[in-house]
Amino acid sequence: MQMQAAILAQPNSPFRVESVSLDPPKTGEVLVKIAASGVCRSDWRVAIGTAPKPMPIITGHEGAGVVEAIGPGVTSVQVGDHVTLTWAPICGDCFYCQRGKANLCAAYRPAIETGLLDDGTARIHWQGEPVYILAGLGSFAEYAVLRQESCVPIRRDIPLDVAALVGCAVATGVGAAVYTAGVSAGESVAVFGAGGIGLNIIHGAQLCGAYPIIAVDASEAKTALASQFGATQALPSDETTVERIQSLTGGRGVDRAFEAVGIPALQERAFAATRAGGTLTLVGTTPAGSSTNLPGAIITRTEKIVRGCSYGSVNPQRDIPLLLDLYRAGKLKLEKLITRRYRLDQINEAYADLLSGELARGIIIL
């Protein structure tokens, strides 16, 4: 079948919306009609080459849609199911899944990194050549063929643009506070970066009962928005940030700091804002080849804990439906995350708005 898709033909080039051919699903695979796909900075890193991937490639890793067809052997979804897509499918049987760390499941990561499906081939073709997909999904397209494990069935009363966000930004951010860091009631929190991920960390910290919750961002618009998601204070991101955080926390620094952008200098600032014995959780992904200077002597003397966070430590099959239940119960304000909706042919405009700081989250509607 033919469909429209946003293709990156080479690094540092704009997205091109082109007609491509799509093969039907094979064994264990699902055809999904994409309804919405989130505009995330991770896809932009592919576009500019700081997260190198094989090209031509269809990015988009935060999507939702409706199952239109299934291949042989598919048992987890049926035609007509509404699904949120997950870029971290789980097997349930590997070393990590058996130890409660499904977000680190090793079964599908090698194949996902290739940009192909499990048999080592592509389902999408353009100008006679295979097209790769990001994160096993490639949701910046009208349709996607993906492994059944990448589909999480969801309730049908959830708007699919909201459901798309839960596949990445919401799961990562809320999960970072609830699962990775395990924020407790009454703990002080600082979140460096109030974009899509950071706002959800703030939301998760509020769910946990944290106080105060300090949002840090260079954009006044984003720190203003952070108050709607639970931030009790907002600070500019500059050379005074650490001192100002300390003044809000008895001179100590926060119990829990989070860095949600992926900038080494910001990670170092977040570390300095963490109290002795506190925890810094690194959620943002830094550019390939970069490094962060976290002084070992200070870590030793102060017993600060530095930990990584992959996908909010969630189990997507368990936690995506749970997060949507919390949304329906009024506990998560997910619709407020969506700053603007775009058509597929406006994708370059959407990324320009993201880079200008105008968006909490943009959504491509297909």
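Reader: Which strand supplies the largest share of the lining of the largest cavity?

Author: Rolling a probe the size of a water molecule over the atoms shows where empty space is left. Here β8 gives the largest share of that lining, three residues, strands being DSSP runs of E with at least two residues, and helices runs of H or I with at least four. This is a predicted model, in which local features need pLDDT of at least 70 and side-chain atom pairs pLDDT 80 or more, while totals for chains, interfaces and linings use all residues. Residues are numbered from 1 along each chain, and side-chain values use heavy atoms, without hydrogens or water.

Reader: What is the volume of the largest cavity, and which residues are closest to its centre?

Author: The volume is about 70 Å³ (on a 1 Å grid, a cavity is where a 1.4 Å probe fits but cannot get out, and lining residues have an atom within 4 Å of a point; the volume is the space filled by the probe spheres). Of the 14 lining residues, L117, R123, I124, I133 and V145 are the closest to the centre.

Reader: How are the rings of F15 and F140 arranged?

Author: A pair of aromatic rings is described by the distance of the centres and the angle of the planes. The centres of F15 and F140 are 6.2 Å apart and their planes at 90°, so this pair is edge-to-face (centres within 6.5 Å; under 30 degrees stacked, over 60 edge-to-face, the rest tilted). F15 lies in the loop between β1 and β2 and F140 in the loop between β8 and β9, so the pair ties together parts 125 residues apart in sequence. Ring pairs also link F15 and F140 with W44 and Y351 into a cluster.

Key
1 Å grid on protein atoms, 1.4 Å probe; cavity = no way out; pocket = protein on both sides within 12 Å on 5 of 7 lines; lining within 4 Å. Phe/Tyr/Trp six-rings, centres within 6.5 Å; stacked < 30°, edge-to-face > 60°.
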